[in-house]
Amino acid sequence: MVKVSTPADAHYGLEDLLLAAGELLGEEISSRTVRLYATQGLIDRPGKAGRSAVYGHRHLLQLVLVRALARRGLSLSAIAPLCALDDVELEQQLEQLDGVGAAATAPSSLASSSALDYLRDLQSSEDSTADDLSASTDLPASAAASIHLSGSAASLASRLGKAQPFSRMLGMLSDPLSSQVRAERPSSGSRTGGSSREASSRWRRYTLAPGIEVHVRESVSLPPAGPRREQWLNSLLARFKQLIHDPSG
Amino acid sequence: MTLPHLRFRPLRPAVASDGPSRLDLLLTITTPSAPTVPDHGRQQRPPLNLALVIDRSGSMSGTKLSYARKAARFLAGELTSRDRLAIVTFDNDVKVVVPSTPVADPQPFINAINTIHSGSCTALFDGWLVGATQVAEHLDPTHMNRVLLLSDGQANEGLTDHAQIAAKVAGLTRRGISTSAFGLGVDFDEDLMGAMAAAGDGTLAHIETPSQLADLYASELQGLATTCGRRVSVGLRARHGATVLDLLNDLKSTSAGNHQLPNLRAGQEINVGLQLELPAWSPNQEILSVRLAWDAPGNSERLSLVEVLRLPVLASEDLDQLDTDAEVAEQLALLAANRERRRVIEELDRGDHSTASTSLMHMRDSLMSMPGSVTISRELDLLNQKLLLLKSDPKLSRKRLRRESLRSNTTVWESNDDQA
C-alpha cells in the first residue's frame, strides 16, 4: 500500500507526508516527530523547493517503518540500520510486519482477495500430487468441478484467469464501480474534471497530493463513514495498486 | 466496540534491587462481555460465511452420520438470510452437497443434508480445500469466514502429512478464513485435528458421542457471534537487561517474532504465563512492554494495545518474605500442567506407559499441594481420569491429553458434561 499512495516520483510537503503516514499507521504523526527523525538520521533529509521541505516516496517508507517498529518496542538504535536500506528492502521490511504496520502494507481487502488464488494454487499442487500418487483418484476433477457450481464471483475470477491475479480484486468492488474506474483510467491523466457527455453525470474532484486527483461521479454514493467506508477505500486502493502495476489489467 | 484489556499479575509484587531476581508473571487478557440487549444479540453479530465439511467415510456410517446430519440441519436452522452456508462431504471423493448460498430458507439445505450417505476412504485435506474454496468465493472481511471440519477418521487419501496440512491451513488463516476442527468418536486423528484448529485460528473439539454435535454447533455459533478479535498476536519486549526465560503457553510464533493467541471472545479471559530474569533493578524502570494486536470483524485495520510493566523494588531477603498471589500461582500451575501433558504424550508414543503414569502422578501430587480451589479439584479430576484410562483405554487417554494440552494456546470446546 505504501507504494500505491505514493508513486516513486511523488513529491509533497510536510503536511501531506504527515497525512499519508498517519493514514497508513492509524495514528497521528506530528511534524516534530518527522524533524526529530530527520535529525537522528532515521529518515533522509528532505529536498527543498524554495523555502519549504519536499518529501517523497522514500521518506514515507522510512517514516512508516520507524513508527511501526518503535511501537513494537524496538529502540531507535535498533531501527536505524534498517532505515538505510534501499526502497525495495524498506518495502519488504514493511511487508513482513505483522500488526499496524502490516495494515499499511496488507489491508484485509488485499488479503481477502488472495484467499481464492491461494486455494487455487493449493488445488493445482494437489492435482499434481494426486496424479503422482495414483491413477485411481478422480478427486482433482470433482474438486475442480465444485468451483464451477457456485456463483458469479467464481466465474468472474475464472474468466479473468491466472495471468491477472490482481483482477480478482474486482470481486471486492461492486461491478458498476469497478468498471467505471476502469473506463476512466485511460483518460484520467488528461481529464481536468467538470463536465462529461451526460448532463446528469457531474464529477467531484478531490486533490490528494500535488498532481494527484481523484474524480468521483456525483451519482456514486459513498459508503457511510466507518468500517464499510474503510473497506471501500481499501478496495479502491488495491485496485489503484493493480492499475499502477499492470495498466492492462 | 468491545476492546480487550491487559493486566500484569506478578506472582510476587516486587523485584530485587540488590541482585538478580526471577519474576513469575501472568498476563491476563480480558475481553469484556458485550452489553446484553435481549433479542438483539442475533442481529448484532457479524454475518457468517461458513462451509460445513463432513466426513462421510465408511466409518461414519450409522449413528455418527445420522447425528452429523441432524446437527447440520440444526446449523442450517440457526442461520439467517444474512449468513451463507456451504455443505461439502468427503470420502475418497469430494462432493459439494450445497454450494455456498445465503440461508434464506433452511429447507433446501435440510433436503440436501438428508441425501448424505456414507462412502469409503477419508480424503480429509481435499474436503477441507473444497469447503474453504466455497467460503473464499464469498469472502467478506466484515463477516466471520470459517470452515467447520467434522471427521471421525485419519486422513488416508490425498495429502496426509500433518505439518503440511497445518501449514496450508495457516496460509488460509492469514488470508481471512479460519478453520475449526471437530473430531468425532475414538478413531479420529487428534494430532491432526489439533494442528488444524491451532493453525486455523479456530476451535478444536473432541466429541466422544455424536449426540453432543448439536451442542457443539450451538457453541461454535455463539463463539463466532462473540468473537471480537481474530489473528491475535502478542509481542513481548523485555527491557533494560531483563530477559524472558519462558513462555509457559508454548504459543506458536508469528513471522514477525510475536506469538499467536486464540481468538478474543466477549466475556472470556486468556492467561499467558511468563518467567523473566532480571538483573538488580532500579525503581520505576520499565521491565516489560507487551503489545497485543488483532483483527476486529468489520475493521479493516489491525487494532493493538500496549501495556508496560513496572514493579516496586525490594532487597532480596524482603522479596522472599512476600506472599505469593494464590490465583496467579494456580493459573501458572494449570499452564505448566498443560505443558506436562505434552511430555506424557511423548512418553506414550515411545511406548513407555509406566513413565507416562509416573509423570501423571507427579503432576497430580504437585497440584494436590496447592490450595484446593474448585479449579484445582477439577484439574485433579481430569488427571485422575487420564491415569485410570491409561490402563483401560490408553488411546482415549492420549486423545484427551492432547485436547487438554492445547488449552494453553487454542480455543478448545468443552462440553457441559465435561464441566459437570
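1. B:P108 sits within helix α3 of chain B, residues 106-113; helices here are DSSP runs of H or I with at least four residues, strands are runs of E with at least two, and both are numbered from the N terminus. This proline is partly exposed, its relative accessible area being 46%. For the terms, buried means under 20% relative accessible area, exposed over 50%, and partly exposed in between, with a 1.4 Å probe and protein chains only. B:A76 is 32 residues away from B:P108 in sequence, with a C-alpha to C-alpha distance of 9.5 Å.

2. A word on the source before going further. This is a predicted model, in which local features need pLDDT of at least 70 and side-chain atom pairs count only at pLDDT 80 or more, while totals for chains, interfaces and linings use all residues. Residues are numbered from 1 along each chain as its sequence is written, chains are lettered from A and ligands numbered from 1 in the order in which they are written, and side-chain values use heavy atoms, leaving out hydrogens and water.

3. Now the two chains. Chain B contains 13 helices and 18 strands, and 56% of its 420 residues count as buried. Chain A contains 12 helices and 5 strands, with 44% of its 249 residues counted as buried. Taking contact to mean heavy atoms within 4.5 Å, residues 24 or more positions apart make up 76% of the chain B contacts that have a separation of 6 or more. For chain A, 58% of the contacts between residues at least 6 apart join residues at least 24 apart.

4. Do have a look at the open sheet in chain B. Its 7 strands follow the order β6-β5-β4-β7-β8-β9-β18, and the pairing is mixed; two strands pair if DSSP finds at least two bridges between them. At the edges are β6 (94-102) and β18 (411-412) of chain B, each pairing on one side only. Strand β5(B), residues 84-90, runs antiparallel to β6(B), with 6 bridges joining them. Within that pair, B:V88 is opposite B:V96.

5. Which residues cover the two faces of β4(B)? On one side are B:L48, B:L50, B:L52 and B:I54, on the other B:N49, B:A51, B:V53 and B:D55, and all are buried.

6. Helix α2 of chain B (residues 63-78) lies across β4 (48-55), β5, β7 (144-151) and β8 (178-184) of that chain, at about 170 degrees to β4(B). Axes are lines fitted to C-alpha atoms, for helices over the stretch in contact, and angles run from 0 to 180 degrees between N-to-C directions.

7. The largest nonpolar core has 40 residues, of which A:L119, B:W128, B:L172, B:I177 and B:M196 touch the most other members. Such a core is a set of buried Ala, Val, Leu, Ile, Met, Phe, Trp, Tyr and Cys residues joined through side-chain atoms within 4.5 Å. At least two residues each come from α8 (108-133) of chain A and from β4, β5, β6, α4 (124-136), β7, α5 (162-174) and α6 (190-199) of chain B. The biggest share, 8 residues, is from α4(B). Beyond neighbours within four places in sequence, B:M196 contacts B:L124, B:W128, B:L149, B:I165, B:V169, B:T179 and B:A181. Another core, of 34 residues, lies apart from it and includes B:L85, B:F109, B:I116 and B:L224.

8. In chain A, helices α2 (residues 14-25) and α3 (residues 31-39) pack at an angle of about 100 degrees, their axes 10 Å apart. α2(A) is therefore roughly perpendicular to α3(A), a label for angles of 65 to 115 degrees, where under 35 is roughly parallel, over 145 roughly antiparallel and the rest oblique. A:L14, A:L17 and A:L18 of α2(A) meet A:S31, A:V34 and A:R35 of α3(A).

9. Finally, B:H259 is placed in strand β12 of chain B, residues 259-261, and counts as buried at 16% relative accessibility. Among its contacts beyond four places in sequence are B:V232, B:V234, B:L236, B:L247 and B:L251.
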